[in-house]
Amino acid sequence: MADTEKRTRHNRRVRDDRPVALAMLTPGLVGMIVFIVIPFLTAIFLSFTNRRLGSPLPVEFTGFRQYLLVLTDASFLRAIVNNIIFLLVVVPVQTGLALALALLLNRKLKGMVIFRTLFFMPVVFPMSLIAVIWVLIYAPGQSGMMNSLLEIVTFGYWEPKDFLHNPWLALPAVMLLSVWQGTGFQMIVLLAGLQGIPHTLYEAAALDGAGKWHQFRHVTLPQLRNPLIFVVIVTSILSFRVFDQVRIMTRGGPNDASTTVVFEAIRAGFDRAQVARGAAMTVIFFLIVLTITLIQRHFFRHEE
Amino acid sequence: MILVIIAVLFLPSGCGGGEKDGPERLDIWIHSAQPDERETLLAQVDRFNESQKEIEARATVIPEGSYNGQVQASAVAGDLPDLLEFDGPYMYNYAWQGMLLAIGDRLPGSVTRALLPTLIEQGTYNDTFYSVGNYDSGLGLYADRGKLEKAGVRVPEGPAGAWTIAEFNSALAALAEQDADGKVLDLKLNYGNEYFTYAYSPVLVSAGGDLIDRSDYQSADGVLNGPESVQAMKQVQGWFEKGYVDQNLDDAAFTGGRVALSWVGHWEYGRYSKALGEELVILPLPDFGNGTRTGQGSWNWGITRFAEKPENAVRFLEFILQPGEVLAMVEANGAVPGTRTAIEQSRRYKEDGPLRLFAVQLMEGYSVPRPRTPAYPIISSAFAEAFHDIRNGGDVQTVLDEAVRIIDQDIQTNNGYPPQERKKEQADHHHL
Amino acid sequence: MQRRRLIGNLLNYLFMTVFALLFISPILFMIVGSFKPDAQVLSDMGTLNAFFPDEVTVQNYRDVFERAPFGRYLFNSAVVNGFIVGLGLLVNSLAGYALARLRWRGRRLVLNFVLAVMVIPFEAIAVPLFYQVTVLGWRNDYWVQIFPFIAYPLSIYLFYSFFLGMPKELEEAARIDGAGPLRTFFVIIVPNAKPAFASVAIVTLLLFWGLYLWPLLVTAGESVRPLPLGIATFYTLPPLQWGDILAFGVMMVAPILIVFLLFQRWFVRGVASTGLKG
């Protein structure tokens, strides 16, 4: 009896919650609508015009002309290719490295927290700062740090290179620094995943006579599935969002060798005041990111 | 602390009006420039403020990397300062957009008449005088006389005696032989984009090419990617391929004695003459076939349509255009004084002065103005990118074809930049 | 057996130490270089001297204050991030709570909306948002750098999942006592959700402290520009003095590094509990 009374009282409150809930949500919802949804719709709208910032010419609707121009633009296509290369290299390398570090750190030894902090430290550094420091690390000539390091590890076979101005090395150089900066974050996520695996699973596997590799393959990896998926999706999307380091280190060069989709969008929309063109690139960028997300979700769901 | 933060948040930022009593505020944007130039200009602002009580000028330093982007956005946002400094040729675009007020009728005739003809030419668009410079620029090859003599290279005298391109190439080879690492030429690769258009487009003209067809400014096709321009840029690419060019990461290639030649403008004179003393000589750029050509034009001043009291900006311009102030500025940045009187008074530019060459180049027609069209920003960025691609080994014809495509596409999307009627000069006119 | 394990551990430590040193060498290089005379930064770079100063000087640090308005940049960064994080905590925790704990029709819809919006990266709206604020004449102040980031779907989601996992007894007791949802939230939930607030605060601070793209588009001059633009500008400001640039870098990262080291555990918890970012 008391129970039902409680439930009805509760139910009455359920109905009452709506105005309060909306009031609590309003600031957040308004913020997201004004600063995310509306700009996003604006991008779509602008991309069908010839809008230029500050131009005295009248605005015209040009249909799909911006998309046609953008998708036949050599620099933009190169940007898409670069982002794909970035993704194909950085995602496996960074995830693999992060997993290795997480496995190494996942031991009950003293000092692991210190190592964790050290490996994580680059994540704390703003990309703009890291990019500037790495310009120096990639300095051309024998006195450059990266050049000297490569000279040492190749026993003098390495010819000093000008990384950031070499069409073959500019993008790898940007990728290396991105991996360096991002690994710590993936590592933390995976480490948390590892620490969440019940110990009994390993004990059971050990009782069955499973070796270290077997345990890793059949206990660790399946148990890490969710954090791994998360890490892969996030890193893939971040691979398409690369901007700061390109803007500061290479400005997309040489020969568009390191340009990216976002870099092209900002160059058009801001540096060249071609807002409509930048908006079209923005829309394409979003479609790419969305596709990656959907493909990966689909792919991983099917593996289940 | 929190109160301080809140107070700051509500302070007007950017351009404020002179609502309060006291002096009227004059907002000015300046580019970051070399330290000496920046400090001199800031000192001029201080002197101006001390010289009178009605106007208080305030300068904001804007970084050069995104200067044009900032100007464009601020113009639309209505947040431009009263007085704007910009690299000369950007004026055509700014004026076309209706961002600037005409300056010609506002400046006293005595001031405009004293200006160098190159400055008047640069500051005029659509028959209207929009922007004024207190100095013009000089561009040449700074050389270490000792190194030239050791390599047995002829030292040219005056623009008429410029090295031919063949001579220049063999000079580079001879210098490289004397040099430890073979890098003997500094092309200021550490500079930002606009420099490359300024400094290397004269090469095109010297070879018989150009950035764009200047008869109507409607297309770059056949000009920027024509055989003359391609030939010229192949020569430039050759210097990189042969390893003559220093990367200049520390901006000390020439002052540190690593290279014998530095291809740069007037602004390095102070630093270079300090480092090399009597050994420093300044030579004309090599002749690619049609006589030596060099850059001209520099940072300019324009009054924006947001200036509530344009006459205040004019007073500031009159102040910095006084011979004494012009000389103070060129003393700091090495530029060619913007008036003939100042040239004759300048110890560097007068007859037999160490920088006389730069003045002669300007006054005797060796300099090439950058294209006077609203399409200039896109031309400049396309050419600068092409320069980098060529530097990095791209096929010259392909790279220049791509630059032409970018330029022509931009001109077409802007309907050929049709001349706009001069805007009614209202301070509050908002053009969205 | 014991001995084998000892050797194994030693090898483990050795490997980790070498690798960790290699990993943070760029950071060490920055710190050490910032105390060297300018010319030496470049000349030492190709040797191990890069990591060992032989002539310690604080001249670079003095130069930074002389050549750049470092204090101004720092203040701007502090103001902008203070407001983004502070207002963000309030706005997003309220929204997260309404989604997690209140019962009302449309809840699922709004939750899906938040999840959908989370997929839109900031880069996808930078150009149109830049266009909009520009046309509105909203530029070059603190608010334009703050407002777009207050309502943040990731933070809402983090709060949402945290509140979802909180035991219900406390608030039910409060509500039976007649407290409304708002009062319950501020009196009961907030004090008991300190870990969630700490996590979200530190995660968002790390995300926004390095913000570069947006302020690049909407600020000019130095009056309101934050540190990330400060360093990018300082790096292009002639004369190029690498010692000064490194000193700028050290001072720029110091505050955030200290905050991170002090509150590391909350950050790790925030990332780990939800495994989400960006």
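Biologist: Why does B:D127 count as exposed?

Modeller: B:D127 has 8 C-beta neighbours inside 10 Å. A residue is exposed if 12 or fewer other C-beta atoms lie within that distance, so B:D127, with its 8, counts as exposed. Please note that this is a predicted model.

Biologist: Where is the place of B:D127?

Modeller: B:D127 sits in the loop between β5 (124-125) and β6 (128-129) of chain B. Its phi is near 60°, a positive value in a residue other than glycine.

Biologist: What makes A:F155 exposed?

Modeller: A:F155 has 7 other C-beta atoms within 10 Å. The limit for an exposed residue is 12 or fewer, and therefore A:F155 is exposed. A:F155 belongs to the loop between α6 (145-153) and α7 (170-195) of chain A. Phi of A:F155 is near 55°, which is positive in a residue other than glycine.

Biologist: Why does B:R106 count as partly exposed?

Modeller: Inside 10 Å, B:R106 has 18 C-beta neighbours. A buried residue needs 20 or more and an exposed one has 12 or fewer; because 18 falls in between, B:R106 counts as partly exposed.

Biologist: Which residues is B:R106 in contact with, leaving aside its neighbours within four places in sequence?

Modeller: B:R106 is in contact with B:P310 and B:V314. B:R106 itself lies in the loop between β4 (100-101) and α5 (109-114) of chain B. B:A375 is 269 residues apart from B:R106 along the chain, and their C-alpha atoms are separated by 27 Å.

Biologist: How do you know that the radius of gyration of chain B agrees with that of a compact globule?

Modeller: For 432 residues, the rule for a compact globule gives a radius near 22 Å. Chain B has 22 Å, and therefore the two agree. The C-alpha atoms of chain B fill a box of roughly 70 × 50 × 50 Å along the principal axes. Chain B holds 17 helices and 17 strands, and 54% of its 432 residues count as buried. Among its contacts between residues at least 6 apart in sequence, 77% join residues at least 24 apart.

Biologist: What radius of gyration does chain C have, and what would a compact globule of 278 residues have?

Modeller: Chain C has 24 Å, but a compact globule of 278 residues would have a value near 19 Å. The box filled by the C-alpha atoms of chain C is roughly 70 × 70 × 30 Å, taken along the principal axes. Chain C contains 14 helices and zero strands, and 50% of its 278 residues count as buried. Of the contacts in chain C with a separation of 6 or more, 74% are between residues 24 or more positions apart.

Biologist: How do the axes of helix α3 and helix α10 of chain A cross?

Modeller: The axes of α3 (residues 74-105) and α10 (residues 225-240) of chain A come within 9 Å and cross at roughly 145°. The crossing of α3(A) and α10(A) is right-handed. Among the residues that make the contact are A:F86 and A:V90 of α3(A), and A:V232 and A:F240 of α10(A). This contact has eight nonpolar, six polar and no charged residues.

Biologist: How many residues of chain C are in contact with chain A?

Modeller: On the side of chain C there are 76, which meet 72 residues of chain A. Helix α14 (residues 242-274) of chain C gives the most to this side, with twelve residues. By class, the side of chain C that touches chain A has 59 nonpolar, twelve polar and five charged residues.

Biologist: How many residues does the contact take from chain B and from chain A?

Modeller: The contact takes 24 residues from chain B and 19 residues from chain A. The largest share of the side of chain B, five residues, comes from α3(B). That side has six nonpolar, 16 polar and two charged residues.

How values were computed
Residues are numbered from 1 along each chain as its sequence is written. Chains are lettered from A and ligands numbered from 1 in the order in which they are written. This is a predicted model: local features need pLDDT of at least 70, side-chain atom pairs count only at pLDDT 80 or more; totals for chains, interfaces and linings use all residues. Two residues are in contact if their C-beta atoms, placed from the backbone, lie within 7 Å. Helices (H or I, at least four residues) and strands (E, at least two) are DSSP runs, numbered from the N terminus. Ala, Val, Leu, Ile, Met, Phe, Trp, Tyr, Cys and Pro count as nonpolar, Asp, Glu, Lys and Arg as charged, and the others, Gly among them, as polar. Axes are lines fitted to C-alpha atoms, for helices over the stretch in contact, and angles run from 0 to 180 degrees between N-to-C directions. A crossing is left-handed if the near helix is turned anticlockwise from the far one by less than a right angle, and right-handed if clockwise. The radius of gyration is taken over C-alpha atoms; the globule rule is 2.2 Å times the number of residues to the power 0.38.
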